[in-house]
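This briefing walks through a few residues and the pairs they form. Look at the sequence and the 3D view first, then read the points below.

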Amino acid sequence: MNTVILDFDGTLNKACTAIKTVKDTLKEMYAMGVTLILASNQDKEALEALLDDLNLSSLFSVIVTANEKGSSPQSGNIVNKVLEHTDTDPSQVLIVGENSSNIILGKQAGIKTCAVKCKGENMDTAGADYVIEDIRGLLDIV
């Protein structure tokens, strides 16, 4: 995969994954040449401020938030926006999320999907192509 869409809410900020692990994993993927896209239902300005505080802003090529017209992560338009901004073949795009709606969105768009769940968590992975319990598992996928 050369493009990864990450759902911020519940995936990157998931309580079972330490922020240092998230930061290290994102930096490794970025160094590998993976284009990182961030999606969130949070306000864009607040999210950008948080990413700045964590020194992660420079890792993301595109940030899509709910307050961008027509770009809600659940709207389906996020995948089109990513494909437009990255000129990437859909077969090389992976969407990573913590709930079945992220997985369904990816399946509908014809891209690979990855569900993130904490150990012991009972979660409907909705037929995800990959299921990981820690964000570091992405390094084996990309």
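Leaving aside its neighbours within four places in sequence, which residues is Thr-113 in contact with? They are Leu-94, Ile-95, Ile-103, Gly-106, Lys-107, Gly-127, Ala-128, Asp-129 and Tyr-130. The model is predicted.

- Thr-113 sits in strand 5, which runs over residues 112–116.
- The relative accessible area of Thr-113 is 0%, and buried means under 20%, so Thr-113 counts as buried.
- Two of the residues in contact with Thr-113 are Lys-107 and Asp-129, and these two also form a salt bridge with each other.

**Salt bridges**

- Side chains of opposite charge can pair when their charged atoms come close.
- The count of salt bridges in this model is three.
- Lys-107 and Asp-129 make one of them, with their closest N and O atoms 3.0 Å apart.
- Lys-107 belongs to helix 5 (residues 100–109), while Asp-129 is in the loop between strand 5 and strand 6, so this pair ties together parts that are 22 residues apart in sequence.
- Lys-107 is partly exposed at 37% relative accessibility, and Asp-129 is partly exposed at 33%.
- Arg-136 and Glu-28 also meet through their side chains in a salt bridge, at 2.9 Å from N to O.
- Glu-28 is in helix 2 and Arg-136 is in the loop between strand 6 (130–132) and helix 6 (138–141), so the pair ties together parts that are 108 residues apart in sequence.
- Both ends of this pair are partly exposed: Arg-136 has a relative accessibility of 33%, and Glu-28 has 34%.
- Lys-20 and Asp-24 form a salt bridge as well, and their closest N and O atoms are 2.9 Å apart.
- Lys-20 and Asp-24 are four residues apart in helix 2 (residues 19–31), so about one helical turn separates them.
- Lys-20 is exposed, with a relative accessible area of 55%, whereas Asp-24 is partly exposed at 31%.

**A patch of negative charge**

- Which residues gather in a patch of negative charge on the surface? They are Asp-43, Glu-45, Glu-48, Asp-52 and Asp-53.
- One of these residues, Glu-48, lies in helix 3, which covers residues 44–53.
- The relative accessible area of Glu-48 is 31%, and Glu-48 is partly exposed.

**Asp-7, a buried charged residue**

- Asp-7 is part of strand 1, which spans residues 3–7.
- Is Asp-7 buried or exposed? Its relative accessibility is 7%, and so Asp-7 counts as buried.
- Apart from neighbours within four places in sequence, Asp-7 is in contact with Leu-12, Ala-39, Ser-40, Val-96, Gly-97, Glu-98 and Asn-102.

**Cys-118 in its loop**

- Cys-118 is located in the loop between strand 5 and strand 6.
- At a relative accessibility of 16%, Cys-118 counts as buried, because the cut-off for buried is under 20%.
- Cys-118 and Glu-133 are 15 residues apart along the chain, and 5.0 Å separates their C-alpha atoms.

Conventions
Residues numbered from 1 in each chain as written. Predicted model: local features only at pLDDT ≥ 70, side-chain atom pairs only at ≥ 80, totals over all residues. Heavy atoms only, no water. Patch = residues over 30% accessible without salt bridge, like charges linked within 9 Å, V, L, I, M, F, W, Y side chains within 5 Å. Areas by Shrake-Rupley, 256 points an atom, 1.4 Å probe, with all protein chains shown as cover. Salt bridge = Lys/Arg side-chain N within 4 Å of Asp/Glu carboxyl O. Lys, Arg positive; Asp, Glu negative; His and termini not counted. Charge placed at Lys NZ, Arg CZ, Asp CG, Glu CD. Helix = DSSP H or I, 4+ residues; strand = E, 2+ residues; numbered from the N terminus. Buried < 20%, exposed > 50% of the residue type's maximum accessible area, 1.4 Å probe, protein only. Contact = heavy atoms within 4.5 Å.
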